Amino acid sequence: MIRKQLSLMACLGLLAIAMSCGPKGGSEEKVSLKAANNTEKTSQRWSKEKAKAWYAEQDWLVGANFNPSNSINQLEMWQEESFSPELIDKELGWAEDIGMNTMRVYLHDLAYKQDPEGFLGRMDKMLSIMDEHSIKPLFVFFDSCWDPFVEAGKQRDPKPHVHNSGWVQSPGYYALADSAQYPRLEKYVKAVVDRFAKDERILGWDIWNEPENDTGVSYRDKEHPNKVDYVLPLMKKAFAWARSQNPIQPLTSGVWAGDWSSEEVMTPIQLAQLHNSDIISFHNYDTPEEFQKRINWLKRYDRPMICTEYMARPNGSTFEGFLPIAKEENIGMFNWGLVDGKTQTKYPWDSWEKEYTAEPELWFHEVFHTDGTPYKKSETDLIRELTER
């Protein structure tokens, strides 16, 4: 413990040491950080027992990755000029009606930078709306997918018939490689978690989405060739920043590609994701057989599991194929997309390479048309049936 009689220099020295220690590979090592009010906070990765106890208190988690239909990306969703509580309320009502009880919702560092108090207020407003629908969010801080050249303000219009034509990364290309901007990112994470650290309306915090994603054909030639060298240490810092606020909610970051059959074949960033996560999360857009295989691989961690992205119909990743397995295995599930809108993710990933002139006969993602009509009533009936059991 730090005693009052320690000199100011000693306190500062201890603080510097504490702040250099992030959670390390699978250990339960404590991480001590001092809050601005000079009271020491001590945080650590949750034990398996704590994670299981938390998960036992949850209903079976079923929801979607949510962005309202009038927003092309996270910034348009959260900026004051385009924040749409009435539309959010309506669309979440459709989700509630089919039995969904959670949503994965992306935040953005520039939305906070632009208007810190307004951003936090809009988060609180959205939490109130979600609570009215008995839906808890898993908030995502950072994302390595799609456009790295992000700017706050009015967002561009969608490119016709192209999947996620305006989705943006956080942090963007320049901030990711500029360590002088890291204090700003630290302030963002700490301010958000501190504001809602004890808020029971929140399910959890997803620290970084697909951290090693090189954006494929859409932006790969414009990305940092050594992008992961920037992301890996920053992601570890972000886990520590969030933990320093002692949230009652768990932290996670989902593995999404590659071989997870043993730690010997996994990448450093995959190991960092899993070893820093309180609950295990992962993505899978393949067949039910592949989905089951990956669940089996991750069981060795003996922690609650959530699939934070799935459901790409042409790939064989469907509600019918995945949800019964998840129900049996007690895996929480977040499909990609709720309502067809400006993200245009009813179009497949290959719309970046192949020209589409009309919507595909088989939608890639999304559950509802813009008027609230289910794309496939059999799917919404299944979700309702499984969540009511």
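## Basis of the description

The model is predicted: local features need pLDDT of at least 70, side-chain atom pairs count only at pLDDT 80 or more, and totals for chains, interfaces and linings use all residues. Residues are numbered from 1 along each chain as its sequence is written, and side-chain values use heavy atoms, with hydrogens and water left out.

## Helices α6 and α8

Helix α6 (residues 116-132) and helix α8 (residues 182-196) have axes that come within 11 Å and cross at roughly 40°. Helices here are DSSP runs of H or I with at least four residues, and strands are runs of E with at least two, numbered from the N terminus. Axes are lines fitted to C-alpha atoms, for helices over the stretch in contact, with angles from 0 to 180 degrees between N-to-C directions.

In contact (heavy atoms within 4.5 Å), residues of α6 including Phe119, Leu120 and Met123 meet residues of α8 including Tyr188, Ala191 and Val192.

## Aromatic pairs

The structure holds 31 aromatic pairs. Rings of Phe, Tyr and Trp (its six-membered ring) pair if their centres lie within 6.5 Å; planes under 30 degrees apart count as stacked, over 60 as edge-to-face and the rest as tilted.

The ring centres of tryptophan 46 and tryptophan 54 are 6.3 Å apart with planes at 65°, so this pair is edge-to-face. Both tryptophan 46 and tryptophan 54 are buried, that is, under 20% relative accessible area, where exposed is over 50% and partly exposed in between (1.4 Å probe, protein chains only).
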